[in-house]
Amino acid sequence: MQKLTNATKGSLFLFLLAVILFWFKTYAAYQIEFNLGIDNTVQQFLLFINPLSSALFFLGLALFFKGKTQQIALITMNFLLSFLLYANIVYYRFFNDFITVPVLMQTKTNGGQLGDSALSLMSSFDIFYFTDTLILLALVLLKKVKPSAEYRKKPARIVMLVAVATFLFNLGIAEKDRPQLLSRSFDRNYLVKYLGAYNFTIYDIIQNSRSASQRAMADSSDIIEIENYIKANYTAPNPDLFGKAKEMNVIYVSMESLQTFIIDYQLNGKEVTPFLNSLANGDEFFYFPNIINQTGQGKTSDAEFIMENSLYPMAQGSVFVNKAQNTFQAAPAILKTHGYTSASFHGNYKTFWNRNEMYKSFGYDYFFDAEYYQMTEENTKNYGMKDKPFFKESMPILEGLNQPFYTKFISLSNHFPFKMDEEDTDFVPGDFGDSVVDHYFEAANYMDQALEQFINDLKASGLYDNSVIVFYGDHYGISENHNEAMAKVMGKEITPFEYAHLQRVPVFIHVPGVKGGIQEQYGGQIDVRPTVLHLLGIDTKDYLELGSDLLSKDHRQVVPFRDGDFVSPKYTSVGDHCYENETGEIVDNIACSTLAEKARAELSISDSIVNKDLLRFYQPEGFEKINRNDYQYLGPEFDLMKPSGE
Ligand code: GP9
Ligand code: MN
């Protein structure tokens, strides 16, 4: 320290002052402006320390200069960061969301819209967010701190090292509290909460530039081969069922974490899902017990993507998060040209899984998110609304929609770690020595009751008789970490073959006036869209999709998982092994090899479409292109549709 000249001390003083003021200001902004949903003390702690690494890093860059330039660099950097923070604050006041690169790219819509009201979103108190810049400026202008005459590398480098170490420390704790935070990147709120508003911006810039370069290298010739493949593999509809639900409403329900093994399962002699069992064994619904989930890291959002686009999700990350700006020809958009109104209902906030951006590309007219529901303490658990109040409060909104409508309800209660509030269940949990598995039964039982309540309400409203209703499990609820307990549940060892078959998710389809029943054919979530569109009398031959109608006699039964494994009626391929379904025994790989090639080809075609944004080069006949700018989900106060009770 003694070696440092006074001038260096002065510049370090100014730097440290800048860091501390900036740090505390950012923390204050988090508390005052953003609703980040802090659940525990680890998150509280992370929120507090997360501005530090970026403050040290960015403001520290100034230390690589000397003299006046150093002071100017410090103040400029401080101003730029403050401006970024403030821009986020103003944007958040209106959109309840953070600024992302795509948002900046489409200033015409978001920015333009914000432009009109930006002034009304600002207040004189906001000068607070620039006080540190002003203090630094005053100190320099009044010559209270002298500029450092010489450039000293050492302190600058130490500061950079400390910044990186602080960031890694921050990231380490965040990953522990929320595994796969960066790779799954499920919600901007979470990234800001764990890593900070500035680090989030950097992360967002990196993600977007990666995505943009893939897209830029593609051109319209890339679509030709794909179109040929898909059209050659088209599955013609079943003529007996085609158009049986013409012009009827569509109601999808995403059943959180529901796996097929639970259907007809009895725990201590008691059915876990008596209502769904009655549907599975009755004739009002088609019941498909052999549909596998094809989701990847995007979980619920991947399931939504597959169901509505009949394409595969991404191998890594969530397509909802990474490709929301792409051109899609999703079910709501297809049905729009047939006069349908579309809406998604979900008792969680709209930024989760970037739904509010992706739904624009899908052409959703409405998105009824948490803001439309009574998110009281007793109504919510974990990510949001409990299923019973969720469906209850959704009913009046649903009844208010123009018909025919295409709707989707995303349930939440049966979510990891599954434990229910006492007042919501009297179902006795399992006793398999694994809390997650044990509580899965009570949560699934609660969801079953909520679905029964929903169907009863649909019957009472008359909608049951003119709506196609699709229930689907979104993805597994119990991961392989719980194989030991699951072996007890299933009464057999969970081999890789058994685990692959545990990836089955139940699919139910009700078509008014059509007799249902059990449909044993193998299929994937990818096959549901062509099945439903054909029931509605819309031929899918012009769409670039990879699914095949489950109810057609030509239905294709080689069903790829996202990782390239697959299930087919005779063989199942997992990793390097080929299993015979009948025995569950490993057989020679030759049996699987042709099928494996097919599975891989389909995945790679889908990956090309998604990664290179190829649908922008393809115009299906009669389809009206979606313009994302026509859609905004601004919440009840901006919508014509009012939330229930108003
Ligand atoms: C959150 C809900 C759950 O909105 O969809 O997401 P998940 O963790 O299942 O992907
Ligand atoms: Mn889910």
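These legends walk through several close-up views of a predicted model. Local features need pLDDT of at least 70, side-chain atom pairs count only at pLDDT 80 or more, and totals for chains, interfaces and linings use all residues; side-chain values use heavy atoms, with hydrogens and water left out. Residues are numbered from 1 along each chain as its sequence is written, while chains are lettered from A and ligands numbered from 1 in the order in which they are written.

**View 1**
The protein chain splits into domain 1 (2-214) and domain 2 (222-630), with bounds that come from an automatic or database domain assignment. Their C-alpha centres sit 40 Å apart. Where they meet, domain 1 puts in 20 residues and domain 2 puts in 22; contact here means heavy atoms within 4.5 Å.

**View 1**
Thr300 belongs to helix H13 (residues 299-309) and Asp474 to the loop between strand S11 (467-473) and helix H19 (483-490), so the two tie together parts that are 174 residues apart in sequence. Helices (H or I, at least four residues) and strands (E, at least two) are DSSP runs, numbered from the N terminus. Both Thr300 and Asp474 are buried, where buried means under 20% relative accessible area, exposed over 50%, and partly exposed in between (1.4 Å probe, protein chains only).

**View 1**

Trp23 sits in helix H1 (residues 6-33) and Phe48 in helix H2 (residues 41-60), so the pair ties together parts 25 residues apart in sequence. Trp23 is buried, at 15% relative accessible area, and Phe48 is partly exposed, at 27%. Phe48 also pairs with Tyr27, this time edge-to-face, at 5.1 Å centre to centre and 90° between the planes. That pair too links distant parts of the chain, with Tyr27 in helix H1 and Phe48 in helix H2, 21 residues apart. Tyr27 counts as buried, at 18% relative accessibility.

**View 2. A cluster of rings, and two lysines over rings.**
Ring pairs link a cluster that includes Tyr252, Phe305, Phe320, Tyr406 and Tyr633. Elsewhere to look: Lys193 lies over the face of Tyr190, 4.5 Å from the ring centre, and Lys299 over the face of Tyr476, at 5.5 Å. A charge sits over a ring if NZ of Lys or CZ of Arg is within 6 Å of the ring centre and within 35 degrees of the ring normal.

You'll find Thr273 in the loop between strand S3 (270-271) and helix H12 (274-281). Is Thr273 buried or exposed? Thr273 is buried, with a relative accessible area of 0%. Leaving out residues up to four places away in sequence, Thr273 touches Ile262, Ile263, Asp264, Ala444 and Asp448.

Most residues other than glycine have a negative phi, and most peptide bonds are trans. Gln403 and Pro404, though, are joined by a cis peptide bond, with omega about -5°, and Pro404 is in the loop between helix H17 (387-400) and strand S10 (405-410). The bond from Phe416 to Pro417 is cis as well, with omega near 0°. Lys143 is not a glycine, yet has a positive phi of about 55°; Lys143 is exposed, at 65% relative accessibility. Asn354 has a positive phi of about 60°, but is buried at 5%.

Key
Rings of Phe, Tyr and Trp (its six-membered ring) pair if their centres lie within 6.5 Å; planes under 30 degrees apart count as stacked, over 60 as edge-to-face and the rest as tilted.
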